[in-house]
Number of protein chains: 2
Amino acid sequence: MSDDYRSMWTDLGLDLEAHDALLGVLGNAYREIYLAQQDRPEGMGYFDFVMSEVHGLRIKELLDEKAAGRKIVGSYCVFVPEEIVLAANATLVGLCSGADFAMEEVEMLLPRNTCALIKSAFGFKIGKVCPYLESADMVVGENTCDGKKKAYESLGHMIENLYVMDLPQMKSDQGRALLKAEYDRFKAAMEVLTGVTITADALKEAIRTVNAKRAALHRLLSLRAADPTPISGLDALLANQVFFYDNPARFTASVNAICDELEKRVAQQQGVFAAGTPRILISGCPQAVPNWKLPWIIESAGAVIVGEESCVGERGTRHLTDDTGRTVDELMAAIVDRYFQVDCAIFTPNPDRLMHIKEMVGAYHADGVIHYGLQFCQPYLMEAIPVEKALEDENIPCLRIETDYGMEDAGQLKTRVEAFVELLKP
Amino acid sequence: MSDDYRSMWTDLGLDLEAHDALLGVLGNAYREIYLAQQDRPEGMGYFDFVMSEVHGLRIKELLDEKAAGRKIVGSYCVFVPEEIVLAANATLVGLCSGADFAMEEVEMLLPRNTCALIKSAFGFKIGKVCPYLESADMVVGENTCDGKKKAYESLGHMIENLYVMDLPQMKSDQGRALLKAEYDRFKAAMEVLTGVTITADALKEAIRTVNAKRAALHRLLSLRAADPTPISGLDALLANQVFFYDNPARFTASVNAICDELEKRVAQQQGVFAAGTPRILISGCPQAVPNWKLPWIIESAGAVIVGEESCVGERGTRHLTDDTGRTVDELMAAIVDRYFQVDCAIFTPNPDRLMHIKEMVGAYHADGVIHYGLQFCQPYLMEAIPVEKALEDENIPCLRIETDYGMEDAGQLKTRVEAFVELLKP
């Protein structure tokens with residue numbers, strides 16, 4: 001990394017020593033897990049570059065945007081509507097989590113049995129190693145699970161401008177009214193933050209920008225229906241992850257370029273794994289960078305991941321927003337409609353998610369489902385049990401995994417995943 | 001127990017063998033924990049009788065009510081408004097939890113790291129040992145924590161008539177609107193269940209009945225401000241617990257009779273523990289019958305419990321409902337206002353609870369606070385950390401306890417509580 005970046009990180013208040021250690025671990029993991037893969041599409045060079053500059057060039061770009069008067073908004077959840085942020089001429093970025101930092105200090109603020117993702121978000125703040133968080137003019141939290149809801153009360157003492165968005169728990173008329181009111185309140189907050197009045201034109205353009213990003217990602221993900229699959233699950237996960245970080249237009253163009261290459265691969269029946277390799281759908285909790293543990297174990301065990309039913313995956317991105325409205329009200333209503341479809345396990349009941357898992361099993365010709373639950377993530381761990389039952393009732397094999405960001409259970413997970421993959425072989 | 005009860009339990013579908021075992025354990029625990037206490041007020045005979053007949057006479061009364069056409073509604077939470085149930089000429093009872101049953105089967109439906117209270121509710125159903133649950137014409141669940149919210153999805157498959165009430169997570173205008181809409185929906189559901197149209201007169205009378213019950217309990221609880229305290233914390237907890245089970249009018253009259261006796265005790269400076277005994281406020285999760293473990297340990301360690309900041313305690317009962325409205329709408333609005341004040345840890349932020357804890361410390365002259373958290377109860381375990389910090393900032397000693405319904409940790413708890421009590425001695 002250049003000296004420019006070091007002074008940039010210092011200016012952001014990062015702990016350079018801890019941050020160097022993070023980048024070292026991240027770099028090693030990326031080499032061992034990603035670059036060691038065989039027959040990767042050439043277009044993955046884009047993601048390799050993004051990841052190599054994830055705390056460098058991308059942060060510099062954000063700081064340049066700030067210098068030019070643009071606001072940076074950080075979030076931890078797919079319920080924060082990027083459309084509204086963009087329409088206010090601001091930039092939305094996903095915030096760091098996915099690795100354990102400063103756990104001793106974190107566990108003075110949060111119970112030990114809090115899910116790894118929440119503890120990680122605190123660790124990145126306390127450890128001063130997340131340049132995205134330190135660049136953000138506003139951080140948007142949201143009342144999804146109890147864990148995040150209560151954690152934001154403590155995080156609020158550590159972050160200057162934390163905005164908390166309320167979310168419904170049921171898909172009722174009242175639930176929709178709450179989401180609408182909260183998105184209206186968020187729109188007003190964005191206007192105050194940026195000094196920009198959101199117009200129908202700006203909202204429509206923002207909707208189209210985000211839709212294009214989602215559509216490009218869908219195009220990539222849907223190519224995995226082929227056998228052999230033209231791209232590994234690890235690489236597809238990376239596309240799902242970078243979705244939250246990179247400039248939207250560049251992401252869209254780069255992913256579409258990879259898709260052109262993948263389509264040729266599909267036509268030539270060229271894949272990263274042999275045809276007939278057991279195909280697995282991952283369903284459950286989000287997997288944030290650099291939490292590549294489970295997909296790495298799965299694809300090292302002789303299976304290929306063909307889909308992610310996850311917020312970092314199709315749950316977060318599959319729905320597009322209707323862009324045909326002509327007024328701010330109509331377009332805002334379309335945004336509410338779009339996000340109200342997200343089938344997060346915080347909703348009760350949540351039949352759409354089960355339906356979507358089955359749909360994905362069919363569409364991607366998956367041989368089995370691995371349900372990924374972060375330890376102490378109550379909503380997904382609880383929903384995992386009826387999901388497993390419903391899948392097994394239809395003779396779809398399912399393996400429930402409960403894990404965290406540590407590597408202590410990697411051996412045990414490997415054994416369980418290998419046994420499951422054996423089961424899927426014809 | 002008489003033979004009548006056995007045939008009654010058989011008719012209810014209880015597992016007689018398991019139920020006998022439960023009553024045996026309950027009876028022994030009651031003798032060892034409650035009846036072994038010294039200098040109990042005579043009026044406690046009422047509670048002793050209620051507890052000895054908790055699965056007998058009280059169930060027979062409910063079945064007699066049912067035979068006369070009255071509906072029985074069961075609930076697990078203080079957000080289910082008894083006023084509305086009574087106004088529809090139905091009876092509300094709290095449902096069983098507080099002990100572990102059929103855990104092996106429960107853990108096939110719920111993750112192992114679900115809180116003991118939720119697992120217990122499932123255990124009572126699966127083990128067929130809760131005559132209240134089996135007597136209920138409708139069971140009302142509610143979206144408080146993630147654990148209960150998602151658990152009701154599974155419980156719904158085991159209970160014929162489960163009604164789920166949505167609840168807000170923030171005390172915003174939208175939050176209040178949601179609670180109002182949900183109470184209106186619940187009122188309509190009660191009218192359908194009972195065939196009774198709720199009138200303003202019935203609602204007013206119901207409000208007065210429930211207010212009288214709460215006022216009697218407050219009268220009892222507030223007498224514990226005296227030193228020596230005229231009643232033990234164990235006995236006061238029992239009053240808080242029986243609040244959920246017994247006939248409202250009888251409860252009110254019996255508690256007021258005990259209060260007459262306690263007032264004499266206070267005037268004569270007669271107490272169950274010597275003056276100057278360290279005084280403890282318990283704050284946190286609800287303690288359902290027969291979960292008497294922690295208060296028993298505390299009062300065996302030479303301290304006296306002077307208050308419960310809990311749903312089974314002042315959080316659940318301290319607010320009365322304004323009964324001055326003249327129309328159904330006005331009275332329903334008063335009910336919404338009353339329940340919207342409940343400072344459950346599911347709300348974010350939840351400053352009222354911290355204020356109330358401090359108020360109770362002052363009012364009851366508590367020397368310290370023991371925060372009682374059920375293992376895996378995220379909302380209270382998370383809130384416990386800032387609560388402890390805020391109390392210690394004001395030099396109020398606080399001990400955070402995390403436990404379940406098992407007795408495995410009793411020795412360790414005893415050691416910690418004894419050390420804490422030592423600390424409180426002058």
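Two strands are taken as paired here if DSSP finds at least two bridges between them. With that in hand, the predicted model shows an open sheet of 4 strands in chain B, ordered β6-β5-β7-β8 and paired in parallel. The edges go to β6 (304-309) and β8 (398-403) of chain B; each has a single partner strand, so one side of each is left without a neighbour in the sheet. From one strand to the next, the twist averages 25°. Inside this sheet, β5 (residues 279-284) of chain B and β7 (residues 368-374) of chain B run parallel and share 5 bridges, with G284(B) sitting opposite Y372(B) of β7(B). Helix α18 (residues 378-393) of chain B packs on the sheet, where β5, β7 and β8 of chain B are touched, and the helix direction makes about 165° with that of β8(B).

Chain B also holds an open, parallel-paired sheet of 4 strands in the order β2-β1-β3-β4. Here β2 (91-94) and β4 (162-165) of chain B are the edge strands, each pairing on one side only. Neighbouring strands are turned by 30° against each other on average, direction ignored. Strand β1 (residues 72-75) of chain B runs parallel to β2(B) and is joined to that strand by 4 bridges; I72(B) has T91(B) in β2(B) as its bridge partner. The helix packing on this sheet is α10 (residues 173-194) of chain B, which touches β1, β3 (138-142) and β4 of chain B and makes about 160° with the direction of β4(B).

Turning to the interface, chain B and chain A bury about 3400 Å² between them, with 52% of that on carbon and sulfur atoms. On the chain B side, K150(B), Q169(B) and M382(B) lose the most area to chain A, together 21% of what that side buries. Each chain puts 38 residues into the contact. The rule finds 2 salt bridges across the interface. E383(B) pairs with K150(A) in a salt bridge, the closest N and O atoms lying 2.4 Å apart.

K150(A) has a partner in its own chain too: E153(A) meets K150(A) in a salt bridge at 3.0 Å, N to O. The two are 3 residues apart in helix α9 (residues 146-155) of chain A, so about one helical turn separates them. E153(A) is partly exposed at 22% relative accessibility, while K150(A) is buried at 4%. Elsewhere in chain A, D404(A) forms a salt bridge with K293(A), the closest N and O atoms being 4.0 Å apart. This pair links distant parts of the chain, 111 residues apart: D404(A) lies in the loop between β8 (398-403) and α19 (410-424) of chain A, and K293(A) in helix α14 (residues 293-300) of chain A. D404(A) is partly exposed at 27%, and K293(A) is buried at 6%. Salt bridges with shared partners tie K150(A), E153(A), E309(B), R315(B), R353(B) and E383(B) into one network. Over all chains, the count comes to 78 salt bridges.

R338(B), in helix α16 (residues 328-340) of chain B, is buried yet has no salt bridge, and the nearest side chain of opposite charge, E83(B), is 5.0 Å away. With the cut-off at 4 Å, that distance does not qualify, which means no bridge is counted. Residues touched by R338(B) include R214(B), G316(B) and H319(B).

How values were computed:
Residues numbered from 1 in each chain as written. Chains lettered and ligands numbered in written order. Predicted model: local features only at pLDDT ≥ 70, side-chain atom pairs only at ≥ 80, totals over all residues. Heavy atoms only, no water. Axes fitted to C-alpha atoms, helices over the stretch in contact; angles between N-to-C directions. Contact = heavy atoms within 4.5 Å. Buried < 20%, exposed > 50% of the residue type's maximum accessible area, 1.4 Å probe, protein only. Lys, Arg positive; Asp, Glu negative; His and termini not counted. Buried area = accessible area lost by both parts, 1.4 Å probe. Lists of a residue's contacts leave out its neighbours within four places in sequence.
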